[in-house]
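The following note sets out some points on the structure shown below. It is intended for a colleague who has not seen the structure before.

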Amino acid sequence: MRGAARLLALAVVGALVGCAHYPLNAPLAHYAPDAGHRFPAMVIDRPDPADELFVCVSFSGGGTRAAAFSYGALLKLRDTRIGRDAAAKSLLDEVDCVAGISGGAFTAAYYGLFGRAIFDEFYDAFLVRNIERELALRVANPVNLIRLASPYFSRIDLAAELYGETVFKGQTFAGLAGRPRPFVILHATNMANGARFEFTQDEFDFLRSDLTLFPVARAVAASSAFPGLLSPVSLHSFPPPPEFSVPPDVKNAVAVANRDANRARYYWARHRLDSLTTAGKWVHLLDGGLSDNIGLRSILAAFDRASGFIRPRINAGHIKRLVVISVNARTDPPEHLSQRERSPGLIDVFMKTATVSMENLSFDTLDYAVSRQTEREQAQTNIRACNQSLAQCGAPPRPGFAREIRTCFVEIDFEALPSPDREWFLNLPTTFALPEPTVRRLIEVAGTLLDGSADFQKLLRALRGEPTRGAGVGEAGNCS
């Protein structure tokens with residue numbers, strides 16, 4: 001009897017191990033270029049009033065610290081009124097897209113799925129929970145220990161299950177596709193080539209996969225799968241359907257004649273084409289912060305590329321004012337390595353290798369965002385002044401931009417705080433377990449930083465029709 005019971009137990013264990021496999025992404029039954037989780041299609045001759053003031057927000061990585069900081073920014077936008085008198089409404093109602101990385105992806109996804117319910121639920125559902133302890137308890141569960149023995153099931157899959165059951169209520173991307181604004185872009189990093197991976201149907205088209213059936217929790221888990229601590233989230237790339245054709249902008253970008261003209265665009269297209277397969281392949285995704293830890297690059301790409309959801313709306317004259325708000329929860333704790341004679345150990349080397357490049361890329365991204373805004377405003381001013389001079393001479397005007405727009409880039413981060421608050425916030429750890437008083441301070445400081453942002457206040461005066469300070473009417477000026 002004892003031997004039979006042992007055999008039965010071994011059989012059960014073997015069955016659990018054999019059946020343990022992460023959920024596979026579903027193949028796309030029919031390719032439809034306008035279906036699924038994409039930004040709403042534009043009709044050139046029928047402008048959408050929602051496009052006139054176009055607001056995008058990016059939430060950086062940084063665990064619960066970033067989630068709470070971005071939540072505080074949403075609260076501030078909700079409580080900020082714009083417009084005049086009876087027409088006044090919340091600035092949050094004008095947000096058209098939200099990009100999220102790692103910790104910021106939790107806030108972005110929750111707001112995209114549940115809208116203003118986030119202000120009643122998210123604090124208890126995520127921010128003040130000890131997610132790390134809950135995940136450790138799941139790992140210690142004997143049944144899960146057996147499942148983890150499978151080569152096709154790991155801690156990232158347990159994390160995704162935890163997020164899906166306790167935070168995102170089992171929702172898939174169909175829930176986001178059903179709420180087209182704000183358009184939510186969750187990010188991960190392709191482990192094979194280090195490229196940014198966006199959880200949009202445009203990206204999933206190249207996998208011939210249906211994003212609407214994919215759990216939001218798995219996307220958020222991929223966005224926060226820090227290498228070494230959590231394993232990658234894996235996706236299957238299926239052979240493309242007969243009706244699928246590579247979009248023209250991707251074809252043009254990889255053409256030999258265009259390669260040297262815009263190498264960033266060339267490699268973007270190459271990385272997308274790498275996902276295409278005729279027999280099947282796998283894409284393994286790590287923390288989105290490895291390719292963009294502040295979430296701005298997807299928004300900048302939508303502004304730069306003719307196929308993006310921002311550029312065509314500018315060219316068609318639908319967008320009059322473009323606003324980008326970066327909520328950056330980066331920290332900068334004191335550096336101790338240079339004070340030691342002994343060489344750093346493997347753990348220190350690993351952590352620095354994984355994070356230093358993230359911070360350097362973040363600085364480059366912020367600089368690029370500011371320069372793109374400045375270049376656009378300055379070019380519009382120069383062309384306007386040139387045409388005024390030509391008009392005085394009776395000469396034809398010089399061609400310029402198809403449409404002029406107002407631009408505004410606002411960034412909030414802890415560096416703008418006075419000491420000693422600055423040092424306190426910059427020393428916060430990246431973890432998914434913070435004390436409740438710390439969470440409350442992070443929520444509050446987001447509003448404080450927006451109140452103290454000169455660009456944000458200039459934007460509010462412009463949106464409320466109040467007198468501007470600085471740039472005059474028709475002149476270039478950030479956020480005026």
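1. T80 counts as buried because its relative accessibility is 4%, where buried means under 20% relative accessible area, exposed over 50% and partly exposed in between (1.4 Å probe, protein chains only). T80 lies in the loop that runs between α2 (63–78) and β2 (81–82); helices (H or I, at least four residues) and strands (E, at least two) are DSSP runs, numbered from the N terminus. The side chain of T80 reaches the backbone oxygen of K76 at 2.6 Å. Leaving aside residues up to four places away in sequence, T80 touches K89, S90, L91, F456, L460 and R464, a contact being heavy atoms within 4.5 Å.

2. The model is predicted: local features need pLDDT of at least 70, side-chain atom pairs count only at pLDDT 80 or more, and totals for chains, interfaces and linings use all residues. Residues are numbered from 1 along each chain as its sequence is written, and side-chain values use heavy atoms, with hydrogens and water left out.

3. For the protein chain as a whole, the secondary structure comes to 19 helices and 10 strands. Of the 480 residues in the protein chain, 48% are buried. Among contacts in the protein chain with a separation of 6 or more, 78% are between residues 24 or more positions apart.

4. Two packed helices are described by the angle between their axes and the distance between the axes. Helix α3 (residues 102–114) packs with helix α4 (residues 118–127) at an angle of about 140 degrees, and their axes are 11 Å apart. Axes are lines fitted to C-alpha atoms, for helices over the stretch in contact, and angles run from 0 to 180 degrees between N-to-C directions. The two helices α3 and α4 are therefore oblique to each other; angles under 35 degrees count as roughly parallel, over 145 as roughly antiparallel, 65 to 115 as roughly perpendicular and the rest as oblique. On the α3 side the contact is made by F106, T107, Y110, Y111 and F114, and on the α4 side by I118, E121, F122, A125 and F126. By class, this contact of α3 with α4 has eight nonpolar, one polar and one charged residues. Here Ala, Val, Leu, Ile, Met, Phe, Trp, Tyr, Cys and Pro count as nonpolar, Asp, Glu, Lys and Arg as charged, and the others, Gly among them, as polar.

5. A further helix pair is α5 (residues 131–140) and α7, whose axes come within 10 Å and cross at roughly 120 degrees. That angle makes α5 oblique to α7. In α5, residues I131, E134, L135, R138 and V139 meet R155, L158, A159, E161, L162, Y163, E165 and T166 in α7. The residues of this contact of α5 with α7 divide into seven nonpolar, one polar and five charged.

6. S154 is found in the loop between α6 (142–147) and α7 (155–166). With which side chain does the side chain of S154 make a polar contact? The partner is the side chain of S231, at 2.4 Å. A polar contact is a pair of N or O atoms within 3.5 Å; within protein, one must be able to donate a hydrogen and the other to accept it, and residues adjacent in sequence count only if both atoms are side-chain atoms. S154 and L230 are 76 residues apart in sequence, and 8.2 Å apart in space, C-alpha to C-alpha.

7. M191 is found in the loop between β5 (183–190) and β6 (196–198). Not counting residues up to four places away in sequence, M191 touches P232, H284 and L286.
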